[in-house]
Amino acid sequence: MRTAYRVETVRAAEAELMARLPEGALMQRAAAGLAAACVSLLGRGRVYGARVVLLVGSGDNGGDALHAGARLARRGAGVTAVPLGARVHEGGLAALRAAGGRVVGPHDDPYDVLARADLVLDGITGIGGRGGLRPDAVPVARAARGSDAVVVAVDLPSGVDADTGEVAGEALRADATITFGAYKPGLLVDPAREYAGALRLVDIGLGATLPSVPDLEALQHEDVARLLPVPGAESDKYRRGVVGVVAGSARYPGAAVLAVEGALRGGAGAVRYVGPAGDAVVAAHPETLVHAGPPAKAGRVQAWVVGPGLGDGPGVAEVLASDVPVLVDADGLRDLSPEAVKARTAPTLLTPHAGEAAALLGASREDVEAGRLAAVRELAGRFGATVLLKGSTTLVCGAGGAGPVRVNPTGTAWLATAGSGDVLSGLAGSLLAAGLPALDAGSAAAYLHGLAARRASDARAPITATDVARALPAAWHDTTT
């Protein structure tokens with residue numbers, strides 16, 4: 001599992017470790033890892049004679065860049081530092097000069113240096129930076145990004161918020177980010193994630209000083225494989241889980257079909273459908289158990305999915321009154337009462353996209369998209385429910401907003417297609433019916449959903465929601481083998 005920690009936590013861990021190490025040892029560890037990553041990015045045979053430019057701010061982030069630059073200079077690279085802060089890390093500057101590096105002076109043209117660079121190290125601001133780049137750094141950052149050089153962020157792209165993933169102003173987009181000790185939330189959450197490029201973690205020895213519970217976590221294949229239910233020799237359709245789906249309308253029968261397909265291909269032992277789209281559902285999936293309603297008379301289920309394509313149709317209140325886990329999506333979220341959700345005794349999983357989350361919070365969609373971590377935590381706290389906030393980086397927060405937020409690493413822009421959310425709802429509902437806690441069901445479903453989309457599109461071709469649903473068994477197989 002990939003974990004991330006807030007700046008305050010990382011700094012406390014660093015301080016504890018530095019108290020036991022010789023002065024400067026921690027920075028040297030970071031610089032060594034950073035230099036090694038740069039060698040890899042340049043190509044081991046291309047370091048000698050490579051033109052490396054360091055964009056150096058006032059803090060320790062600039063010191064890391066300078067010490068790494070010194071190591072590259074000792075291997076034959078031509079290294080030039082461009083100071084952008086009120087002061088420069090003295091030890092790092094001395095090391096760079098001793099290794100043969102140079103510093104742009106008042107009569108030099110930094111833009112000419114950048115135009116000829118093979119690699120640029122972004123050491124302008126560190127993990128404590130807030131509010132975007134300072135105005136004096138913006139032209140230099142633009143020149144770096146406009147060059148043909150590989151741009152490597154030191155710990156974090158300058159201008160992004162390490163804790164929230166927000167980008168409040170201009171930031172320098174990196175091709176790769178080399179981060180130290182622990183991932184920071186902003187590296188895993190959009191919009192900042194888009195500025196980070198490829199991520200690489202350098203171990204500087206913080207493992208023993210970091211808390212056991214992170215602020216953010218991203219599941220990997222082996223984590224999801226441990227969560228997914230696998231039928232045994234004694235399994236039957238009821239033991240595997242029966243999920244009820246209340247979805248679709250005369251206007252949107254396809255939403256019902258897709259939600260049911262997501263549930264069936266997500267491992268449900270059986271699916272009971274309740275709603276007006278029964279003919280369309282049975283035509284597509286004859287194994288579905290169809291009932292005209294109401295939900296309470298449809299038969300036994302272990303979980304409900306309500307809302308996709310429902311329009312103004314009934315069923316939300318009755319499903320919420322049940323004593324089994326419930327997933328609420330799409331139209332089911334409209335005018336949803338926090339009190340009704342908090343009154344439930346069984347788990348509830350809400351799956352809004354940014355627009356639906358904004359309506360539930362009384363905020364703008366732009367605010368939700370800019371501050372996704374804050375939005376998902378606030379929703380989980382306000383409704384006392386687990387919340388899966390869909391988007392470019394899907395986030396899942398446990399009921400009440402406590403504990404680590406999970407970020408899904410498998411998403412792809414090809415999922416921005418009609419009906420893909422309906423498939424996700426059915427899939428997550430099937431995992432709820434199989435007995436997974438809401439946080440695990442939402443996290444595993446998002447992971448498989450993204451993986452299926454990548455498999456269906458091969459990351460190069462358009463796909464439909466049906467393509468995603470049909471690729472779910474293959475994604476399941478990929479995860480568990």
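**A walk through the predicted model**

K390 counts as buried, with 14% relative accessibility (buried means under 20% relative accessible area, exposed over 50% and partly exposed in between, with a 1.4 Å probe and protein chains only). This is a predicted model, in which local features need pLDDT of at least 70 and side-chain atom pairs count only at pLDDT 80 or more, while totals for chains, interfaces and linings use all residues. Residues are numbered from 1 along each chain as its sequence is written, and side-chain values use heavy atoms, leaving out hydrogens and water.

Where does K390 sit? Its place is the loop between strand 16 (386-389) and strand 17 (395-397). Helices (H or I, at least four residues) and strands (E, at least two) are DSSP runs, numbered from the N terminus. Leaving aside neighbours within four places in sequence, K390 is in contact with D329, T351, P352, H353, A354, R372, G421 and L424, where contact means heavy atoms within 4.5 Å.

The structure holds zero disulfides, a disulfide being a pair of cysteine sulfur atoms within 2.5 Å.

Finally, follow helix 18 (residues 438-457) to helix 19 (residues 465-480): their axes come within 7 Å and cross at roughly 110°. Therefore helix 18 is roughly perpendicular to helix 19 (angles under 35 degrees count as roughly parallel, over 145 as roughly antiparallel, 65 to 115 as roughly perpendicular and the rest as oblique). Axes are lines fitted to C-alpha atoms, for helices over the stretch in contact, and angles run from 0 to 180 degrees between N-to-C directions. Among the residues that meet are Y447 and L451 in helix 18 and L472 and W476 in helix 19.
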